[in-house]
Amino acid sequence: MNQGGVEVKNSYDIGVLGGGPGGYVAALRASQLGADVALIEENKLGGVCLNRGCIPTKTYLKHAKLIAEIKNSEKYGININGEVNPDWNKMKKRKDEVVKKLTSGVKSLLDNSGVDIFFGTGQIMPEHKILIYGDEKTEIICDNLLIASGSTPFRPDISGIKSDNVITSGEALDMPILPDELLILGGGVIGVEMADIFHGLGVEVKIIEIMDRILPEMDQEIASLLQRSLRKKGMEILVDRNVEKIKDLGDEIKAILADGQEISGDKLLVAAGRKANMKGLNDLDLIRENGFLQVDNYYWTGVGNIYAVGDVIGNNLLAHEAFEEGVAAVENMLENKKRSINYSNVPKCIYTIPAAASVGLQEMEARKKCEKIKIGSFPFSANGKALAEGEDEGFVKIISNQQGKIMGAHILGSGADEMINEFTISREREITANYLGNIIHPHPSLSEAVKEAALDVDGLALHSV
Ligand code: FAD
């Protein structure tokens, strides 16, 4: 059979629906295990992560960081005379180049692994058949199927939410011009990251959050400090506020709150969560719970040889979670393994300036689980590398039980997203706080704060003031 000039088969060991992090990594692993693999993608390889999520946001974050550094350059004895003018079109171009490099990299990896890629919308039919609506209609049969169809932004049921000036995270990344004022509905991870990026690019940002604080899924102490830090930069953060109505006046948009207050901006970005993408799944009798596909511990949907991973099954909606689930599911399918990933050890990062990261339990959760906990912490203001770099905001916090087992670890500060790995490994290998505190860390390094916080669990920090 020929598809777009490429010879393809009409039956495969595995068919993967979706070429995002869950799907493409699963396809690569399946191919390593010797399977004949078909991957169906209706849009661009790399999914939300590479095209509208992780990578574009982190590219813009670099731009925001650079602007902040230039504006702060006097602090380092460097006088820059003149204005700092972000060029949004050039930034978008750089973002597109980074994305293209990575998505073509994914294509090469799949090609080199012998995975057949079908560009088109897949529809899974009974008996493991997939209809693919691309340039032409194609039909393939697969012994096993993996659904990795991801998620799309959720728009809450608010009057006016579908108006032109209401955008989602994906659309925000490609706005034709930067707005002067951006309202963000939702102070979760995506809302806060977007807020920090656009504020850093010179946009006036207001976050409206229904809960009593932003980032409710984070340790309270870290979230409060980050909230204070974002406010100090000039961002407006309204908590405990419910948007009841949205009025789009064309050149202005108004969020009308339950208490009657009106907040205006040029655009309103909805960051109120995501929902599973069930496109192409209607002909199957799959179980859904809270809008996501339900699977057992080994990613089996309960129907035929059909498995599902990534955002479509819910959990933390993170790319690295989707990668690991994809690998585990394929090994379960092809090698009859019973693998699941350790959800209590999934690190979670927020890429703001400063960044935040955590793994394991929050302090409140740990207190509920364990009668007596120990807490060790260390501020970056006492860390040589952080001071030298002028990035001494934040701290490392470790929560352990009486035996020193690390129940949770939380970091606010530059490099938090890299340092958190020390705790993921420690938890995975059951390394105690004391053991971690006695491991040699390079000097000077930000990670010395990890060592000191670990020693502090037993009151043994050496550089604590
Ligand atoms: P997706 O990435 O959604 O991919 C699913 C793919 O399936 C899509 O390409 C879609 O086109 C395709 N598809 C769906 N249905 C069909 C069909 N019927 N036929 C053919 N193709 C189909 N996560 C992190 O870990 N770190 C971050 O820093 C981070 N930042 C983010 C920032 C933003 C703004 C957003 C929105 C998300 C971010 N995420 C981040 C989350 C991350 O992007 C997702 O968790 C990840 O992309 C999920 O991977 P997936 O493979 O499950 O689904």
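Author: Helices and strands are named here as DSSP runs numbered from the N terminus, a helix being H or I over at least four residues and a strand being E over at least two. With those names, helix 3 (54–71), helix 6 (189–200) and helix 7 (220–233) each supply at least two residues of the lining of the second largest pocket. A pocket is found on a 1 Å grid over the protein atoms alone, as an open set of points where a 1.4 Å probe fits, with protein on both sides within 12 Å along at least five of seven lines, and its lining residues have an atom within 4 Å of a point. This is a predicted model, in which local features need pLDDT of at least 70 and side-chain atom pairs count only at pLDDT 80 or more, while totals for chains, interfaces and linings use all residues. Residues are numbered from 1 along each chain as its sequence is written, and side-chain values use heavy atoms, with hydrogens and water left out.

The second largest pocket has a volume of about 940 Å³, a volume being the space filled by probe spheres set on the grid points, which are joined across faces, edges and corners. Its lining has 30 residues, and Ala68, Asn72, Lys233, Ile353 and Pro354 lie nearest its centre. Helix 3 gives the most to this lining, with eight residues.

Two of those central residues, Ile353 and Pro354, are joined by a cis peptide bond, with omega near 0°. Proline 354 lies in the loop between strand 22 (348–350) and strand 23 (356–360). Another cis bond runs from histidine 443 to proline 444, with omega near -5°, and proline 444 is placed in the loop between helix 12 (433–437) and helix 13 (448–456).

Tyrosine 299, with a phi of about 75°, is found in the loop between strand 20 (292–293) and strand 21 (306–308), and at 2% relative accessibility tyrosine 299 counts as buried (under 20% relative accessible area, with a 1.4 Å probe and protein chains only; over 50% is exposed, and in between is partly exposed). Leucine 317, with a phi of about 50°, lies in the loop between strand 21 and helix 8 (319–335), and leucine 317 is partly exposed, with a relative accessible area of 28%.

Turning to the interior, a nonpolar core is a set of buried Ala, Val, Leu, Ile, Met, Phe, Trp, Tyr and Cys residues joined through side-chain atoms within 4.5 Å. The largest such core has 55 residues, of which Leu39, Leu110, Ile140, Ile147 and Leu293 touch the most other members. A second, separate core of 37 residues includes Leu182, Ala271, Ile350 and Phe395.

Finally, three strands form an open antiparallel sheet in the order 14-15-16, where two strands pair if DSSP finds at least two bridges between them. Its edge strands are strand 14 (243–248) and strand 16 (262–265), each of which pairs on one side only. Strand 15 (residues 253–257) and strand 16 pair in the antiparallel sense over four bridges, with isoleucine 253 opposite glycine 265 and isoleucine 256 opposite glutamate 262.
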